[in-house]
Amino acid sequence: MMDQTRAPLYEALERMKSDRLVPFDVPGHKRGRGNPALTAFLGEQCLAVDVNSMKPLDNLCHPSGVIREAEQLAAEAFGAAHAFFMVGGTTSAVQAMLLSTLKSGDEIILPRNVHQSVINALVLCGAVPVYVNPETDRRLGIALGMAMPEVRRTLAAHPAAKAILVNNPTYYGICSNLTEIVQLAHAHGLRVLADEAHGTHFYFGAGLPVSAMAAGADMAAVSMHKSGGSLTQSSLLLCGPAVNEHYVRQVINLTQTTSGSYLLMSSLDISRRNLALQGVQIFEKVKNFAAYARSEINAIGDYYAYGSELVNGDSIYDFDMTKLSVNTLGIGLAGIEVYDLLRDEYNIQIEFGDLGNILAYISVGDKTKNVERLISALGEVRRLYKKDNAGMFESEYLSPEVVLSPQTAFYASKRSLPLEESIGEVCTEFVMCYPPGIPVLAPGERITRDIVDYINYAREKGCLLTGPECMDASRLNVLEKGKANG
Amino acid sequence: MDDLWYSEYHTKDVRFSIRVTQQLYAAQSEYQHIAVYDSPEFGRFLTLDGVMMLTERDEFIYHEMMVHVPMAVNPGIRRVLVIGAGDGGVARELGKYPGIERVDIVEIDEEVVKTCRRFLPGTACGFDDARMHLHFEDGLKFIRHTDSAYDLILVDSTDPSGPGEVLFTKEFYGNCHKALTAQGMMVNQHESPFYKEDAKAMQDAHRRIAGVFPVSEVYQAHIPTYPSGHWLFGFASKGLHPVSDQQPAQWARLGLATRYYNTALHRGAFCLPTYVKEALEQSE
């Protein structure tokens, strides 16, 4: 057992400050003195530790001192064999997972409702996605977890697949049966990768779904900056015992900055210590906030704030009770419309709204009075804006037809077509509905009527469509005819 | 005698001080810091988070103006909801009306009521009336669960920077509208027009109330211990106008004793200085 009250990187920064080291190295703001306006804005404390790698502070690209110690403490706290501090967001952790597992042409099994960073990583490494059809809850209009029969069927049909990727949980808080997926995948020789962008708290809270490391997964990308409380863009990559950490480090260094931010890294160190020492109480509080809000929102009427009653033993194997997801179709408004009303009319910024749901992010930083405001504002939105819900989009799973690997399509010769004329063509770029940032189209997929209808409806409801070269997604890049081999 | 002074920053560059003879009480509740002092000039006074709430000497102005203005517009009011008002001053004034059947008082901090009962009996006596029903909970939560239940809502809040923050939000005013009967009115503590930060709070509150109620007016009173001494109240309703619907004769027949309020001052209180009118118009 290590001493989790320690925070070696933070302590080293404090030592550096008290030693009053004279800086003749970068960054050029020299503890903020060279940029008074920035120092006034961010604070002297902050600028004083925005420093470069040096012997007493170790080096993120080759950790052998305090960063290594801090990573070892994090590994122990998360039950991992090794932990990497990441400064390029969980996107960089996801990319490192995939790039250290897959080579060009390898197959990876994954659900369609993955984050865009997963498919971006496939563009980089040339691996081929094999999608498991996730069940969709028609009432809520959200993709669920992977059902075991589907996983088995896909494994049998793709015996050469190298890895399987699991969302643990989805943005909406839904978990697949990770433990059984790990057993099955390992029996077939596949590596299990977990996207735990929304799952940091699983490692610390009581009565929450199983974490990837506890389930025996090989790697996990963990957004410490979400439920863990560290600074935006800081993240962790966790590895199980069967993974060669030194190879993973080489892969990380292919794309990671050589000037890792000590603000981000120290925030990981301090947050890990906090979670290790206080995690149980912290997430108990968050669960209580969410449970209270769920019951009050359901009492308003027409809204559906869902919880563990959804659990069905398979495609919804478990539900993350810290999540506050609310279906809004009962008041005749799309989630994105409620999301906009809350911000524009009530000065409340929530995490996201999709076509049928909103998600309010509840954390240790919340106060009772703000939870009351959210509930009351939802009551007012219903009282003032409720309308007939006829004509609301009934979301269905749009099963992608993968024609080419994302990498082949992305780098192929292409031409631009108006959206309406692109039906039947092979798309060479991403289309994401943001948030939550899950692809509607990925490079290499066939464009269909249903997909074009979905894009039009999402845009009309005020979703931001991102990804295409054409910024408003009114045109799409498609494969040149006869250039399928790009 | 020791030279002891209570000071409050009305802005970061303006300080208001009262010489005190002693601090009678100081404690941190779950919500705020509560203190009570004795002073030669203003008598006993209560502060929350270092902000003056009431003094024995001038509290009558605030409490009379909050209660008698709406009561003179509709003397037939029977059911009243009061948010905040843990000192009992509003309850005391409401208690003077025999026609009122029930008053629900929702104060988030029970410690404020306990402290006032102990040290400020001149206002806390208002709670002794059997028609007064105290609820210690969040005002926004309480009102969310009510529908067309009250003829009058009085919002006696702290500043928007403290626990009173939720009582300045659009969702709160919207829920007040829902909780009122068809002839319902709402009066709220509306901050001050003079110093910049208070004026911003005044404008924000006015904009939000005007977005919810068809009638939204502002009136003033002179309260020596509040920042700048120039204080505002909001009058909002579903239809009744505070001046053209005023019932001076009916109110006079009640024969209530007041020290600040009278039926002529009622009309005058709605005549605002030009700079205040302009600031309110800008916010609409």
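1. For chain B, the domain assignment gives domain 1 (5-55) and domain 2 (59-283), the bounds coming from an automatic or database domain assignment. The C-alpha centres of domain 1 and domain 2 of chain B lie 23 Å apart, and their contact takes 20 residues from domain 1 and 22 residues from domain 2, where two residues are in contact if their C-beta atoms, placed from the backbone, lie within 7 Å.

2. This is a predicted model, in which local features need pLDDT of at least 70 and side-chain atom pairs count only at pLDDT 80 or more, whereas totals for chains, interfaces and linings use all residues. Residues are numbered from 1 along each chain as its sequence is written, and chains are lettered from A and ligands numbered from 1 in the order in which they are written.

3. On the side of domain 1 of chain B that touches domain 2 of chain B, E6(B) gives the most, with 5 residues; strands here are DSSP runs of E with at least two residues, helices are runs of H or I with at least four, and both are numbered from the N terminus. The residues of that side divide into 13 nonpolar, 5 polar and 2 charged, with Ala, Val, Leu, Ile, Met, Phe, Trp, Tyr, Cys and Pro counted as nonpolar, Asp, Glu, Lys and Arg as charged, and the others, Gly among them, as polar.

4. Chain B also holds an open sheet of 7 strands in the order E9-E8-E7-E10-E11-E13-E12, with mixed pairing, two strands being paired if DSSP finds at least two bridges between them. Strand E9 (132-135) and strand E12 (215-222) of chain B stand at the edges with a single partner strand each, so one side of each is left without a neighbour in the sheet. E12(B) is joined by 8 bridges to strand E13 (residues 230-237) of chain B, the two running antiparallel, and Ala221(B) stands opposite Trp231(B) in E13(B).

5. Helix H6 (residues 170-179) of chain B lies across strand E7 (79-84), strand E10 (150-156) and strand E11 (180-189) of chain B, at about 145 degrees to E11(B); axes are lines fitted to C-alpha atoms, for helices over the stretch in contact, and angles run from 0 to 180 degrees between N-to-C directions.

6. Between the chains, the contact takes 13 residues from chain B and 11 residues from chain A. The largest share of the chain B side, 6 residues, comes from H6(B), and by class this side has 3 nonpolar, 3 polar and 7 charged residues.
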